[in-house]
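Here's a quick tour of a strand-by-strand kind. Have the coordinates open and follow along.

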Amino acid sequence: MLNRLMMPTMGTAGTGGLRIALALGVAGVLLSGCGGGSMFGASSDSSPSIGTRFSQLFGSKSQAVGETAPPPVDNELSCPPVSIRAGASTYAVAAPGKQPVGNDLRYQATITRTARDCTQTGDQITARIGILGRLIAGPAGNPPTVEIPLRVAVVQGGVQEKTVATKVYRTTVQMNESGSMPFSLVAEDLVYPVPPGATGDSYIFYIGFDPQALKPEPPPRPARKKK
């Protein structure tokens with residue numbers, strides 16, 4: 001299951017929080033535009049290059065967060081819908097020893113757009129999951145680079161959810177002086193068995209931030225000496 005990360009409260013952020021809220025609003029407007037054949041509205045940063053890459057990979061098979069995925073065309077393999085895991089839609093990092101709220105927030109990442117397609121080879125399906133988002137620096141600092149951890153999972157929905165496949169991906173974002181940068185990630189190697197019968201109708205691609213994935217693995221235990 002995806003690790004749950006609570007979204008920070010912005011109400012007590014003061015002027016710093018207001019700056020972040022306004023930047024998030026502008027980012028949402030820029031990234032949610034999808035008129036005609038263009039996936040994005042105009043932007044002065046690197047958004048066009050990211051949008052072009054997604055257009056080349058997925059064409060029109062993308063949607064803003066909250067939008068309904070486009071239906072498959074004739075003879076196209078149907079893919080499960082993409083959903084952001086509750087509690088994992090925001091990745092907020094604070095200054096050391098602080099909580100990621102108000103003036104202690106260093107940076108915050110959010111997901112704004114997703115895409116997916118599926119290819120069947122024998123009894124296996126390979127899914128490509130595209131994720132677009134926005135990284136914004138907070139009052140506590142503007143680091144030169146930020147590593148963003150994301151988890152993608154294939155889950156069979158129901159009363160008791162069942163994880164079919166799951167994998168962690170990472171992408172590194174180079175920040176600029178503006179403190180607001182788009183980021184993208186394409187998970188191209190998520191493989192899972194073809195679901196039997198109509199079982200696939202209950203499958204979901206869950207995505208979300210997974211900060212636990214950045215923690216170093218514990219050192220291996222020393223081998224016991226034989227007596």
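This is a predicted model: local features need pLDDT of at least 70, side-chain atom pairs count only at pLDDT 80 or more; totals for chains, interfaces and linings use all residues.

## Salt bridges

R85 and E161 join their side chains in a salt bridge, 3.1 Å from N to O; the term calls for a side-chain nitrogen of Lys or Arg within 4 Å of a carboxyl oxygen of Asp or Glu. R85 sits in the loop between strand 2 and strand 3 and E161 in the loop between strand 6 and strand 7, so the pair ties together parts 76 residues apart in sequence. Strands here are DSSP runs of E with at least two residues, numbered from the N terminus. R85 counts as buried at 6% relative accessibility, while E161 is partly exposed at 33%.

By the salt-bridge rule, the count comes to five. Another of them joins the side chains of R128 and D117, at 2.6 Å from N to O. It links distant parts of the chain, with R128 in strand 5 and D117 in strand 4, 11 residues apart. Both R128 and D117 are buried.

## Where these numbers come from

Residues are numbered from 1 along each chain as its sequence is written, and side-chain values use heavy atoms, with hydrogens and water left out.

## Strand 5 and its partners

Strand 5 is mostly covered, with 12 of its 14 residues buried. It pairs with strand 4 in the antiparallel sense over 14 bridges; pairing takes at least two DSSP bridges between two strands. The hairpin of strand 4 and strand 5 has two residues between the strands, and G122 takes a positive phi near 65° there. Strand 5 also runs antiparallel to strand 8, joined by 12 bridges. I136 shows both pairings: it is the bridge partner of Q108, and it stands opposite S180 in strand 8.

Now follow the chain into the loop between strand 5 and strand 6, where A140 lies. A140 counts as partly exposed, at 32% relative accessibility. Leaving aside neighbours within four places in sequence, A140 is in contact (heavy atoms within 4.5 Å) with A95, N103, D104, L105 and R106.

Four strands make an open sheet in the order 2-9-6-7, with mixed pairing. Strand 2 (82-84) and strand 7 are the edges, each pairing on one side only.

Strand 6 and strand 9 run antiparallel and are joined by seven bridges, with R151 opposite G208 in strand 9. R151 also meets D210 in a salt bridge, 2.7 Å from N to O. That pair links distant parts of the chain, R151 in strand 6 and D210 in the segment after strand 9, 59 residues apart. R151 is buried at 17% relative accessible area, and D210 is buried at 0%.

## The core

The largest nonpolar core has 33 residues, and L135, I148, Y192 and F205 have the most contacts inside it. Such a core is a set of buried Ala, Val, Leu, Ile, Met, Phe, Trp, Tyr and Cys residues joined through side-chain atoms within 4.5 Å. Elements giving two or more residues to this core include strand 3 (90-94), strand 5 (124-137) and strand 9 (203-209).

Technical notes: Buried means under 20% relative accessible area, exposed over 50%, partly exposed in between (1.4 Å probe, protein chains only).
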